[in-house]
Structures are given as structure tokens and as C-alpha cells.
Amino acid sequence: MKKIIYFLLCILLFTSMFATSVFAYSPQKAITYSNTYAINPNKMNTLGVGYNVYSRDCTNFVSQCLYAGGLSQDSTRKSIPNWHGNTVVRVDSTQWVNANSLKEYLKTSGRGTKIGSWSLKGSPSPYLTFAYVNDSSNLSSSRTGKVVLFYDWESDGTMNHSAFFVANNGKSTLSGEGYGDLINQHTENRKQVLWRPDNRQNSTQKATTRVYAFEIKA
């Protein structure tokens with residue numbers, strides 16, 4: 001009888017894990033988490049609850065949002081608390097905390113799909129992009145809570161920053177930015193600001209920045 005109960009519990013646990021990783025992603029839960037901790041990070045306490053906070057914290061924050069929404073960790077993209085006596089240390093993988101590594105992970109693992117790329121005026125090469133004013137309908141209301149924006153400041157193909165798409169055609173919290181599709185981000189902690197960085201950049205960076213959008217498959 002005990003063996004039967006153990007077997008049934010194993011099946012239930014496996015089914016629960018499978019459902020969480022494949023079917024149970026909730027964009028609203030991801031957005032709620034993102035809005036809650038956009039300005040004030042969810043810093044880990046002495047009980048191991050919460051996360052590390054870095055000086056460059058953008059991708060760590062995005063990974064937390066995705067995990068809160070139900071995108072499960074795996075052997076590659078993970079953040080694990082390890083106890084050393086009474087002290088807890090959280091260990092984060094490169095794919096959890098680095099923008100370029102997370103982008104490559106989403107691309108190669110099949111857990112994300114590129115849905116668009118943009119720059120100030122658009123560019124045919126070496127990396128095709130639309131101008132900001134074109135094709136932005138890709139960031140639609142049906143995709144809020146599902147899209148990670150990656151930013152390549154130098155236009156060299158390496159992502160330098162990431163942010164999380166939380167609102168379609170809303171009003172930015174920054175004075176003068178107006179209405180549009182909104183993101184939350186860390187490093188410079190911002191809540192519900194325009195995904196387009198041109199209003200917040202110096203003239204040189206405006207000309208070189210490319211933005212890439214990946215939608216989570218979950």
C-alpha cells in the first residue's frame with residue numbers, strides 16, 4: 001500500500017512540475033511582480049526569501065519577473081539559495097543575470113521567439129531593424145507580461161540591457177515621455193516608462209542603440 005501511495009505521489013509531483021513549466025505561465029502574475037519590485041528590489045532576507053541585488057541588476061530583475069509568471073528554472077537558467085550553516089547565499093547562473101546570455105538562452109532553448117527589432121531610424125545591416133515608429137504593433141496588449149526587451153547600446157550584436165514589457169499604450173511615469181508601450185526595469189530602477197529609450201539617451205547612444213523583443217513561449 002505504501003508503495004502505491006508513493007508511486008501516486010511521484011506521478012502527482014511530476015504532473016505538477018510539468019504543468020508549471022509548460023502550461024501555467026501567467027502574464028498577469030509576472031506583471032504584478034514586476035510592478036511591485038520595479039522601484040524597490042525584492043532583496044533576499046536572512047531566511048533566503050528574495051533575491052540578490054546587483055549594481056547592474058536589469059536581467060536579474062527580468063528573470064525574477066519571468067519566474068514569478070511561471071517560467072520554470074532549469075539547469076541553465078537558475079537562481080538557487082544555498083545554505084552554509086546559518087548563512088544563506090543565492091547562486092545565480094549567467095543566463096539568469098546577463099542580458100546577452102539570457103537572450104541567447106531564450107533563442108537556443110526554444111523558450112522564447114524573436115518578434116521584432118528596432119533602432120532610431122531603422123537599419124538594413126548588419127542587423128535588420130525597423131525604425132521606432134514602424135512595426136511597433138508587435139508590442140500588443142495580448143503580449144503584455146510575455147515579452148523581454150533587449151538593448152544593444154553599441155550596435156555590435158551584444159545585448160547590454162534588458163527590460164520587461166508590462167503595459168500597452170499607457171502613460172509613462174516619466175515627465176515628458178507621453179503615451180506608448182511601457183516597460184519596467186532595474187539598474188536605473190524605473191516603473192512603467194516607454195520601451196523606446198531615445199528620449200532618455202544622449203545623442204550618440206540614440207544613433208547606435210538597437211532593441212530586440214523576445215516573446216516567452218510558455
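**View 1. What lines the largest pocket of this predicted model?** Sorted by class, the lining splits into seven nonpolar, eleven polar and five charged residues. The pocket itself, the largest one, takes up about 520 Å³. Of the 23 residues lining it, look for Cys58, Trp153, Asn160, His161 and Thr187, which sit closest to its centre. Two elements, α3 (58-69) and α5 (99-109), each give two or more residues to this lining.

**View 2. An open sheet of eight strands.** Read across the sheet and you get the order β4-β5-β3-β10-β6-β7-β8-β9, with mixed pairing. At the edges stand β4 (121-123) and β9 (190-194); each has a single partner strand, so one side of each has no neighbour in the sheet. From one strand to the next, the twist averages 35°.

**View 3. The β4 edge, up close.** Here β4 pairs with β5 (residues 129-131) in the antiparallel sense, over two bridges. Which residue of β5 is the bridge partner of serine 123? That's threonine 129.

**View 4. Helices on the sheet.** Helix α2 (residues 27-37) packs on the sheet and touches β7 (161-171), β8 (179-185) and β9. The direction of α2 makes about 100° with that of β7. Helix α3 lies across β6 (147-152), β7, β8 and β10 (210-216), and runs at about 60° to β7.

**View 5. How confident is the prediction, and where does pLDDT stay under 50?** The chain has a mean pLDDT of 89, and 89% of its residues reach 70 or more. Over residues 1-22, though, pLDDT stays under 50, and the model has seven contacts beyond four places in sequence for this stretch.

Note on methods. Residues numbered from 1 in each chain as written. Predicted model: local features only at pLDDT ≥ 70, side-chain atom pairs only at ≥ 80, totals over all residues. Heavy atoms only, no water. 1 Å grid on protein atoms, 1.4 Å probe; cavity = no way out; pocket = protein on both sides within 12 Å on 5 of 7 lines; lining within 4 Å. Points joined across faces, edges and corners; volume = space filled by probe spheres on them. Helix = DSSP H or I, 4+ residues; strand = E, 2+ residues; numbered from the N terminus. Nonpolar A, V, L, I, M, F, W, Y, C, P; charged D, E, K, R; others polar. pLDDT = per-residue confidence, 0-100. Contact = heavy atoms within 4.5 Å. Pairing = 2+ DSSP bridges. Axes fitted to C-alpha atoms, helices over the stretch in contact; angles between N-to-C directions.
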